[in-house]
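Subject: Handing over the structure

Dear colleague,

Please find the structure below, with the sequence alongside.

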Amino acid sequence: MLWGGLRPIPSRVILDALTLYTLTYCILMRSDDAHDHGSYQHKAILALSCLTTAATSGLTSRWTLSLPMIPIVLMQFSRYWLSTLGLDVGEFAIKILSLLLIGISTLLSILFPAV
């Protein structure tokens, strides 16, 4: 068995998976696409995924998502801020670090499910 006999809450597993999916979508979206036509939509998706996690379970009870989510959000907003200034220097590094944090969050969510 994947969780060693624990019975995770199905709704939390679905919300965790959707949150990780939306964060990954925000990471992989090109910053010039976000500024051209989807800037507000992209930032709304990023904020909505964070607010959904905070509203449904709080930041401390789902620490497996909220702990990596804070640096991801900060790095994504800094990536868009840097691209508005015309500096695309660290965009690739920010994407790689953000994807690494998503991987860590996925692993932590599997190891410590909401029961």
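What follows is a description of the chain as a whole, and then of its charged pairs and its aromatic pair.

This is a predicted model, in which local features need pLDDT of at least 70 and side-chain atom pairs count only at pLDDT 80 or more, while totals for chains, interfaces and linings use all residues. Residues are numbered from 1 along each chain as its sequence is written, and side-chain values use heavy atoms, with hydrogens and water left out.

The secondary structure consists of five helices and zero strands, where helices (H or I, at least four residues) and strands (E, at least two) are DSSP runs numbered from the N terminus. Of the 115 residues in the chain, 37% are buried, a word that here means under 20% relative accessible area, with exposed meaning over 50% and partly exposed in between (1.4 Å probe, protein chains only). Among the contacts with a separation of 6 or more, 79% are between residues 24 or more positions apart, a contact being heavy atoms within 4.5 Å. The chain exposes about 6,900 Å², and carbon and sulfur atoms supply 74% of that area, as computed by the Shrake-Rupley method with a 1.4 Å probe, where for residues only the protein chains shown count as cover.

Turning to charge, side chains of opposite charge can pair when their charged atoms come close. A search of the whole structure finds three salt bridges, each defined as a side-chain nitrogen of Lys or Arg within 4 Å of a carboxyl oxygen of Asp or Glu. One of them joins D16 and R12, whose closest N and O atoms are 2.7 Å apart, and both residues lie in helix 1 (residues 10–28), four residues apart, or about one turn of the helix. D16 is buried at a relative accessible area of 6%, and R12 is buried at 8%.

Another salt bridge is formed by the side chains of E91 and R79 (3.2 Å, N to O). Because E91 lies in helix 5 and R79 in helix 4, this pair ties together parts that are twelve residues apart in sequence. R79 is buried, with a relative accessible area of 2%, and its side chain also reaches the backbone oxygen of M29 at 3.1 Å. E91 is buried as well, at 17%, and forms a salt bridge with K95, the closest N and O atoms being 4.0 Å apart.

Leaving aside neighbours within four places in sequence, T64 is in contact with S105, L108, S109 and F112.

How many aromatic pairs does a search of the whole structure find? The search finds one, counting rings of Phe, Tyr and Trp (its six-membered ring) with centres within 6.5 Å, and calling planes under 30 degrees apart stacked, over 60 edge-to-face and the rest tilted. The rings of W63 and F112 have centres 5.5 Å apart and planes at 45 degrees, so the pair is tilted. W63 is in helix 4 and F112 in the segment after helix 5 (91–111), 49 residues apart. W63 is partly exposed at 36%, and F112 is partly exposed at 43%.

With kind regards

Terms used. Polar contact = N/O pair within 3.5 Å; in protein donor to acceptor, adjacent residues only side chain to side chain.
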